[in-house]
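Work through the exercises below with the structure open. Each task is followed by a worked solution.

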Amino acid sequence: MTLSFYIHIPYCIKRCGYCDFNTYTPAELGQGEIARSEISSRYMRSVQREISLAAKEFASKQMPQVATIFFGGGTPSLMDPVDIAKTIAEIDETFSLTQDCEITLEANPDTLDERNIAGFVAAGVNRISLGVQSANQKVLATLDRTHKNSNVARALELAVENGVRGRSIDLIYGTPGESLADLEESLDFALSLPIDHISAYALIVESGTRLAREVASGKIASPDDDEMADKYRIIDQRLEIAGFQWYELSNWANSLDARSRHNQIYWNGGNWWGVGPGAHSHLDGRRWWNIKNPITYMNSLDNGSTIIAGEEILSETAKSDERIMLGIRLREGIARNELSEIQEEVVVRYIASEAVDQSAWENGHLRLTLNGRLIADRIVRDLVL
Ligand SMILES: C[S@@+](CC[C@H](N)C(=O)[O-])C[C@H]1O[C@@H](n2cnc3c(N)ncnc32)[C@H](O)[C@@H]1O
Ligand code: SF4
């Protein structure tokens, strides 16, 4: 059994109006005057301490090899490549990386440039996931994004020049005011880029965000469900024609090798250690999560107190519900023999409405059709509640 590491980087230069991730601007943390390199080295020292704690957890057991590492955020590309290198080296020294370990770094187009990319690659990063969201200027403004399309193209060119093997972008669809032509513009742009993977997310209006306040005040319209479904169909069709096959509801790759191995560990119930404030971990049916605030997290590691905010042991029912919730989102779907008789009856109803692939079902698999992918949440509710 291998282990994966998720390493959370809780910093962004500016908070996008739609985002409620556990991330902070240095100003929000009262660190406005501190140099970026200082924030990076102080924070990454704490990360390395938590990795040592992880190593202790395995001291009496067999040390697993590490198959994937994912630096997510926030904005990992804000960190100093030297600190990223030390972190990867620490994991390699204590656990050892598999020969083909996938190491992903999430990046913002404004902070991946000539100065840092070679350092990330030298550190071992072999996959970049770039936040693009849209190529339309009006949509980017509604989303509060600061980058230009030219930065996206440049960042990916640099990734190619520096030999980054995996190159992915994130898109957001369904932003209020985004026309179908605007979406097509984003897809044209995306498909002109040297990438092998795309994640496309429906915009979620998260409570507490600026976007939510603007929707509540009527300044911005609420995203429309029918429009979201039309846009999902357009995205899927355009990507399939261009050779990108869906392998999870929000993810498309142009080869089996280009699929995110790290995310597949999550979706298939594997073991991962989430390092950093607010990060979640899962080891053999035990799940826990860390203190959310980065300063409290760092101070706790400094003075030896716990960084764990909560934990749970998954019951057999919870494990099986989770397998259904995650598995139904995958192209491979769920083995029919994992379902109870009552759940099979639910599936049969959805075959009648063409939401479930009949021939896959007859061959022993629950697999959603395109219609089914659009109502996956409803199908899950019917199966597990
Ligand atoms: C950590 S960010 C990616 C890297 C970098 N921070 C950036 O934004 O350029 C992860 C991704 O989550 C998605 N995301 C965040 N908030 C979202 C929301 N409210 N609705 C849909 N997608 C969201 C965006 O696509 C974003 O690129
Ligand atoms: S979308 Fe990315 S850059 Fe924007 S606030 Fe969220 S994590 Fe930061």
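This is a predicted model: local features need pLDDT of at least 70, side-chain atom pairs count only at pLDDT 80 or more; totals for chains, interfaces and linings use all residues.

**Exercise 1. Find which residues come nearest to ligand 1, and which elements supply its shell.**

Solution. 
- Step 1. Start with the shell. There are 18 residues around ligand 1.
- Step 2. Pick out the nearest. They are Gly74, Gln133, Arg145, Asp170 and Ile204.
- Step 3. Sort the shell by class. It holds 8 nonpolar, 6 polar and 4 charged residues.
- Step 4. Look at the polar side chains. Gln133 places a side-chain N or O atom 2.7 Å from an oxygen atom of ligand 1. For Arg145, a polar side-chain atom is 2.7 Å from a ligand 1 oxygen. In the side chain of Asn108, an N or O atom is 3.2 Å from an oxygen of ligand 1.
- Step 5. Check the cover. On its own, ligand 1 has 570 Å² of accessible area, and the protein covers 93% of that.
- Step 6. Strands S3 (97-107), S4 (127-133), S5 (166-173) and S6 (197-202) each give two or more residues.

**Exercise 2. List what surrounds ligand 2, and sort the shell by class.**

Solution. 
- Step 1. Count by class. The shell has 4 nonpolar, 3 polar and 2 charged residues.

**Exercise 3. Inspect the backbone at Gly74 and at Gln133.**

Solution. 
- Step 1. Locate Gly74. It sits in the loop between strand S2 (66-73) and helix H2 (81-94).
- Step 2. Check the bond before it. The Gly73 to Gly74 peptide is cis, with omega near 10 degrees.
- Step 3. Move to Gln133, which belongs to strand S4. Its phi is positive, about 70 degrees, although Gln133 is not a glycine.

**Exercise 4. Decide whether H12 and H15 run roughly parallel or antiparallel, then do likewise for H6 and H8.**

Solution. 
- Step 1. Take helix H12 (residues 341-352) and helix H15 (residues 376-384). Their axes come within 9 Å and cross at roughly 150 degrees.
- Step 2. Apply the cut-off: angles over 145 degrees count as roughly antiparallel. H12 and H15 are therefore roughly antiparallel.
- Step 3. H12 and H15 make a right-handed crossing.
- Step 4. Take helix H6 (residues 180-191) and helix H8 (residues 225-241). Their axes are 11 Å apart, at an angle of about 30 degrees. So H6 is roughly parallel to H8.
- Step 5. The crossing of H6 and H8 is right-handed.

How values were computed:
Residues are numbered from 1 along each chain as its sequence is written. Chains are lettered from A and ligands numbered from 1 in the order in which they are written. Side-chain values use heavy atoms; hydrogens and water are left out. A residue is near a molecule or strand if one of its heavy atoms lies within 4 Å of it. A polar contact is a pair of N or O atoms within 3.5 Å; within protein, one must be able to donate a hydrogen and the other to accept it, and residues adjacent in sequence count only if both atoms are side-chain atoms. Accessible areas come from the Shrake-Rupley method with a 1.4 Å probe; for residues, only the protein chains shown count as cover. Helices (H or I, at least four residues) and strands (E, at least two) are DSSP runs, numbered from the N terminus. Ala, Val, Leu, Ile, Met, Phe, Trp, Tyr, Cys and Pro count as nonpolar, Asp, Glu, Lys and Arg as charged, and the others, Gly among them, as polar. Axes are lines fitted to C-alpha atoms, for helices over the stretch in contact, and angles run from 0 to 180 degrees between N-to-C directions. Angles under 35 degrees count as roughly parallel, over 145 as roughly antiparallel, 65 to 115 as roughly perpendicular and the rest as oblique. A crossing is left-handed if the near helix is turned anticlockwise from the far one by less than a right angle, and right-handed if clockwise.
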